[in-house]
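Subject: Handover of the two-chain model

Hello,

I am passing this structure on to you. Please open it alongside this message.

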Amino acid sequence: MAQTISTAEPVRSQVTARTRATFRRRIQWVAYLYILPAFAIIGAFHILPVFYAIYISMNKGAINKFVFVGLDNYIRALSGGEFWNALVVTFSYALMTTPFTIALGLFFAYLLYQGVRGRGVYRVIFFLPYVISTVGSAIVWAWVFDPQSGLANFILKRIGLEPLRWLIEPSGIFEVIADGRHWTIPTWAYGPSVALIAVSIFSIWQSMGFDVIIFLAGLTNIPGELYEAARMDGANPLQLFRHVTIPLLAPTTFFVVVISVIGSLQSFNQIFTMNQAAEQSLGGPLGSTSTLTVYMFDQLYTFSNYGYASAIALLLSLIILALTLFQFKFLARRTQI
Amino acid sequence: MKRTIVILLVLALAVIAAACSPAAAPAPTAAPPTAAPQATTAAPTTAPTSAPAAKTVELQFWHGQSQTQEKALNALIAKFNASHPGIKVTGTFQGGYSDLYKKVTAAIAAGSPPDLAIGYQNDIANYINSDAVVPLDDYMKDPKIGFTADDLKDISPSFIDKYPQFGNKVYSLAFMRSMEVMFYNADMLKAAGFDKPPATWDDFMKACAAASKPPDVVCYEMPGSGAASTFSYMVWTRGGELMSADGKSFTFDQKAGLDAMTMLSDLFTKKYAILQAKSYQDQTDFSLGKVLFTFGSTAGLPYYTSAIKDAGNKVKNWGIAVPPHNTPNPIVDVYGPSVAVFKTNADKQQAAFVFIKWLMDNDPSAEWVKASAYFPPRASTKTALADYIKANPLYGEALGWVQYGRVEPTFYAAWNPTRNFIGDAMVAVANGKATPEQALKDAVQKANAALAGK
């Protein structure tokens, strides 16, 4: 009898454990079923196209008549001048847009955070360029940069500077300045083209609103007591910004930096629409606004080089991935993420 | 358990992949017309079908015609559908020609192209490369639905596209063409001491020197991306060729090309010319009396007229002329999109040909001309256009120059990128970034690489 009792306990506990495992499995099933639609959509529209792009990048020829060429397209890209020119333009563009977008975004967000009357209205005003059609905005900005009658040259003339040809000027900005003063400077010092600067100004105007909103959200999350404590310790507004706002806003800043860098490296719409509005060839004038995305698009639709264009797309993805990992490794720690 | 889940997810993906993959296409065929065509046109006029078809053949027709042209095209389609009970064409605007090309390419990749689509010949050459379109020669020769010998005499050869790289077969037909002409401000020309537009390029430069008052008034405005068509006849009218006779290499860097590019360089160095910074800036500046000459399509005639009117008729006397030429006869660049038929099935392909042929007939052509200011395929259409020509004398003048028409090497897929290379060369020269020799050498090198498929 005693034996019976002693054996019944382990059996019951075994049964309970099995029931629990079955229940857990059932829950897992349900969980997997819940994520299945999302997984299927992401798989169909994000993951499969990546594999298809990898497949195409190893082929050459017309649509439906591909010929396998292995890594030829990658070798062609890395050994050709056009790819490297596009890479330089891409980084120039990213360097000209990202820091300014973030700095101006933070500046205006901080101003709005100071309890300006009608904050909601300003918020909408700053965010509007981000949601307005890029094509429409590009047409307006092409007028602004018109060499003959544009607002940009009107301002330059009013402050005593020489007018520029903006979107149709392929020369580097320092080259233009040096030419105006009859100086001779080496080719490497020419700087980004005036056309790329014009596109960057448009891009900063358009993207800044997004950063303002994100920074504003980050600022409202900073506890007010910290500002009060700092003020009681005698901190002036600049010190408040330097020692309270900046450190506590670091996670938001990190997010904005990562998103902005990725966005600027992938930027296409602004350049494409400005090229069109200014009657330029794609990436023009003379390839001075040809970023990697624009170069890729041109190879795809003008040259019908589907394999080569896919190889460029994948190389750009690797560059963005490497940069993002770098940012996470070296910046994330400082922002305590 | 895990394995089951993985299998389930893979199955789900497989189902989606299958759903996204091309539908089983009807057996593609480039076969000649079958014995019993479902709908025929007996004559080059808008004749009704010979017999009602047992089953309606539905055709998807993708085009790039918007606004008034789309309206006019839809009206023509409705007329065709009413007169051909066996065929139902549905026209769809798919954006400008470059957007249209992108959409067709994507549709080919997806295995579901339209039944027929408008496109430039170099784009159609890419469709041929993809084995997506059918040659039309057999349909054209077919005694029931094809062209008669009289038809072929009546239709200008520049409306029948033969592709040299593909056995000289006809892969597309056109129902519209325009040509590039020189627009001139007659008052400015007269003030500069000229009573007629320049006949040669030397005269052109003399007129530019006399009339230009930079920066307010210039002689020529070049599109910011260059002007490959303008350059093409600048070469032809100097006795040069863009391509070798065998079509194996580009030759626009030779003497005629170099002379043309040197003239362009002079125009910019002497500040007789400027680069456009906005679309249609040349039209606007022409209407404001700021530019003596512009080069553009005859399809732009209505736009020039309205731009001049909108600007308060500052330009009183203006006209169009054949571009200057050093050759005995003038040469004009005739261009425009064509229609290609995609590989679907024999019935659809045949019906698509019937529709294109109908569009090339006199009555539909005349209607289309009135809406678009394009040129019709048939010489005989001129009779139906008598009133239109009377009301639009400049159009009538240009129609008389079709006989001087030449076509760019647009039947080569490499021509599209080559146009960009030429444009870049022109922009480089205009900006002083390259000498004419350097710019042309670079452009030809790239063009030949594109021609070789590199």
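Below is what was found, part by part.

Please keep in mind that this is a predicted model.

**Between the chains**

Chains A and B touch. Chain B puts 36 residues into the contact, and chain A puts in 30.

Chain B has an open sheet of 6 strands with mixed pairing. Read across, the order is β2-β1-β3-β12-β5-β4. Strands β2 (87-93) and β4 (160-163) of chain B form the edges, each pairing on one side only. On average, neighbouring strands are turned by 35 degrees against each other, direction ignored.

Look next at β1 (residues 57-63) and β3 (residues 116-119) of chain B. They run parallel and are joined by 2 bridges. In one pairing, Phe61(B) has Leu116(B) of β3(B) as its bridge partner.

Two helices to look at here are α3 and α13 of chain B. Helix α3 (residues 97-110) of chain B lies across β1 and β3, at about 140 degrees to β3(B). Helix α13 (residues 346-359) of chain B packs on the sheet and touches β1, β2, β3, β5 (169-173) and β12 (338-341). The direction of α13 makes about 55 degrees with that of β1(B).

**The nonpolar cores**

The largest nonpolar core has 177 residues. Within this core, Ile312(A), Leu116(B) and Phe355(B) touch the most other members. Helix α18 (residues 415-430) of chain B gives the most to this core, with 9 residues.

What does Ile312(A) touch, not counting residues up to four places away in sequence? The list is Ala77(A), Phe83(A), Leu292(A), Tyr295(A), Met296(A) and Gln299(A).

There is also a second, separate core of 14 residues. Among them are Ile102(A), Leu106(A), Phe215(A) and Val256(A).

**The domains of chain A**

Chain A is divided into domain 1 (2-57) and domain 2 (72-330). Their centres are 45 Å apart, taken over C-alpha atoms. The contact between these domains takes 4 residues from domain 1 and 7 residues from domain 2. On the domain 1 side, 3 of the residues are nonpolar, 1 is polar and none is charged.

Best wishes

How values were computed
Residues are numbered from 1 along each chain as its sequence is written. Chains are lettered from A and ligands numbered from 1 in the order in which they are written. This is a predicted model: local features need pLDDT of at least 70, side-chain atom pairs count only at pLDDT 80 or more; totals for chains, interfaces and linings use all residues. A nonpolar core is a set of buried Ala, Val, Leu, Ile, Met, Phe, Trp, Tyr and Cys residues joined through C-beta atoms within 7 Å. A residue is buried if 20 or more other C-beta atoms lie within 10 Å of its own, exposed if 12 or fewer, and partly exposed in between; C-beta atoms are placed from the backbone. Helices (H or I, at least four residues) and strands (E, at least two) are DSSP runs, numbered from the N terminus. Domain bounds come from an automatic or database domain assignment. Ala, Val, Leu, Ile, Met, Phe, Trp, Tyr, Cys and Pro count as nonpolar, Asp, Glu, Lys and Arg as charged, and the others, Gly among them, as polar. Two strands pair if DSSP finds at least two bridges between them. Axes are lines fitted to C-alpha atoms, for helices over the stretch in contact, and angles run from 0 to 180 degrees between N-to-C directions.
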